[in-house]
Amino acid sequence: MPKVSWSFNINEKNHIIELEHGYFTGKRKITVDGRVILAKTNFKDFGSVHDFEIESQKFRVSIKSKFLNWHYFFEAIRI
């Protein structure tokens, strides 16, 4: 199961986002600073989008499939 992580700063405080994705099982787990914010399984895995907040700022982790490859993205959401 691949594990991807991103690190960034908000107000001089470092945050770490980790994504574990079981591309055969459909399992996914997202942690923010070691705290699990999502743990679920999609039995038919076509990818997914997960929004969450850190210090009142909105972020998104996306899991996208392109043929036989999986791509993982982390982005800030601007409103």
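**Rings, core and sheet**

Tutor: Gladly! Trp-6, Phe-8, Phe-52, Phe-59 and Phe-74 make up one aromatic cluster. Keep in mind that this is a predicted model.

Student: How many aromatic pairs does the rule give?

Tutor: The count is six aromatic pairs.

Student: What makes the pair of Phe-59 and Phe-74 stacked?

Tutor: Two values decide it. The ring centres of Phe-59 and Phe-74 are 5.5 Å apart, and a pair needs centres within 6.5 Å. Their planes meet at 10°, where stacked requires under 30 degrees, so this pair is stacked. The pair also links distant parts of the chain, since Phe-59 belongs to strand E6 and Phe-74 to strand E7, 15 residues apart.

Student: Why is Phe-59 called buried?

Tutor: Its relative accessibility is 4%, and the cut-off for buried is under 20%, so Phe-59 counts as buried.

Student: And why does Phe-74 count as partly exposed?

Tutor: Phe-74 has 21% relative accessibility. Buried would need under 20% and exposed over 50%, so Phe-74 counts as partly exposed.

Student: Which residues of the largest nonpolar core touch the most other members?

Tutor: Among its 15 residues, they are Ile-17, Leu-19, Phe-52, Ile-54 and Val-61. Strands E1, E2, E3, E5, E6 and E7 each supply at least two residues of this core.

Student: How do you know that E3 and E4 pair?

Tutor: Pairing takes at least two bridges, and six bridges join E3 to E4, which run antiparallel.

Note on methods
Residues are numbered from 1 along each chain as its sequence is written. This is a predicted model: local features need pLDDT of at least 70, side-chain atom pairs count only at pLDDT 80 or more; totals for chains, interfaces and linings use all residues. Side-chain values use heavy atoms; hydrogens and water are left out. A nonpolar core is a set of buried Ala, Val, Leu, Ile, Met, Phe, Trp, Tyr and Cys residues joined through side-chain atoms within 4.5 Å. Buried means under 20% relative accessible area, exposed over 50%, partly exposed in between (1.4 Å probe, protein chains only). Helices (H or I, at least four residues) and strands (E, at least two) are DSSP runs, numbered from the N terminus. Rings of Phe, Tyr and Trp (its six-membered ring) pair if their centres lie within 6.5 Å; planes under 30 degrees apart count as stacked, over 60 as edge-to-face and the rest as tilted.
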